[in-house]
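User: I would like to learn how to read the features of a protein model, taking one kind of feature at a time.

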Amino acid sequence: YRVQLSPGETVSHRLAENRGLWLQVIGGSVSLNGIDLAPGDAGSSEEGGDYEIVAGDSPADALLFDLK
């Protein structure tokens, strides 16, 4: 998924069990469940559940992969 957020905007994603999540930050900064990520950073998880992505003080652009 392409994630484009305005400053301070939030989006959530529910990851099903037995799947993986990879978030690659392209521009701006975001937090993934409270962990700050800058351009070029990535966050990942293999635990099912809800994930919250929040843009920092500038527009943010990221790619979210929901993997089998």
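The dialogue below goes through strands, core, salt bridges and surface in turn.

User: What should I know about the model before reading its features?

Analyst: This is a predicted model, in which local features need pLDDT of at least 70 and side-chain atom pairs count only at pLDDT 80 or more, while totals for chains, interfaces and linings use all residues. Residues are numbered from 1 along each chain as its sequence is written, and side-chain values use heavy atoms, with hydrogens and water left out.

User: How are strands and their pairing defined, and how many bridges join β3 to β8?

Analyst: Strands are DSSP runs of E with at least two residues, numbered from the N terminus, as helices are (H or I, at least four residues). Two strands pair if DSSP finds at least two bridges between them. Here β3 and β8 run antiparallel and are joined by seven bridges, with Leu 64 in β8 as the bridge partner of Leu 23. Strand β3 is also joined to strand β6 (residues 42–45) by four bridges, again antiparallel, and there Leu 21 stands opposite Ser 45. On β8, a further antiparallel pairing over four bridges involves β1, where Arg 2 stands opposite Leu 63.

User: Which residues make up the covered face of β1, and which the uncovered one?

Analyst: In a regular strand the side chains alternate between the two faces of the sheet. In β1 the covered face holds Val 3 and Leu 5, whereas Arg 2 and Gln 4 are on the uncovered face.

User: How do I read a nonpolar core, and which residues of the largest one touch the most other members?

Analyst: In soluble globular proteins, nonpolar side chains tend to be buried together. A nonpolar core is a set of buried Ala, Val, Leu, Ile, Met, Phe, Trp, Tyr and Cys residues joined through side-chain atoms within 4.5 Å; buried means under 20% relative accessible area, exposed over 50%, and partly exposed in between, computed with a 1.4 Å probe and protein chains only. The largest core in this model has 15 residues, of which Leu 5, Leu 21, Leu 23, Val 30, Leu 32, Leu 37 and Ile 53 touch the most other members. Two or more residues of this core come from each of β1 (2–5), β3, β4 (30–32), β7 (49–55) and β8 (60–67).

User: How many salt bridges does the structure hold, and where does the pair of Asp 61 and Arg 2 lie in the chain?

Analyst: A salt bridge is a side-chain nitrogen of Lys or Arg within 4 Å of a carboxyl oxygen of Asp or Glu. The structure holds three. In one of them, Asp 61 and Arg 2 have their closest N and O atoms 2.7 Å apart, and this pair links distant parts of the chain, from strand β8 to strand β1, 59 residues apart. Asp 61 is buried at a relative accessible area of 17%, whereas Arg 2 is exposed at 53%.

User: How do Arg 14 and Arg 19 take part?

Analyst: Arg 14 forms a salt bridge with Asp 50, with closest N and O atoms 2.7 Å apart; the pair connects strand β2 (residues 10–15) to strand β7 across 36 residues. Arg 14 counts as exposed at 64% relative accessibility, and Asp 50 as partly exposed at 47%. Arg 19 meets Asp 66 in a salt bridge at 2.5 Å, N to O, which links the loop between β2 and β3 to strand β8, 47 residues apart.

User: Which residues form the nonpolar patch on the surface?

Analyst: Patches are made of residues with over 30% relative accessible area and no salt bridge, like charges being joined within 9 Å and nonpolar side chains (Val, Leu, Ile, Met, Phe, Trp, Tyr) within 5 Å. Accessible areas come from the Shrake-Rupley method with a 1.4 Å probe, and for residues only the protein chains shown count as cover. The patch consists of Trp 22, Phe 65 and Leu 67, with about 280 Å² of accessible area together. Trp 22 lies in strand β3 (residues 20–27) and is partly exposed, with a relative accessible area of 37%.
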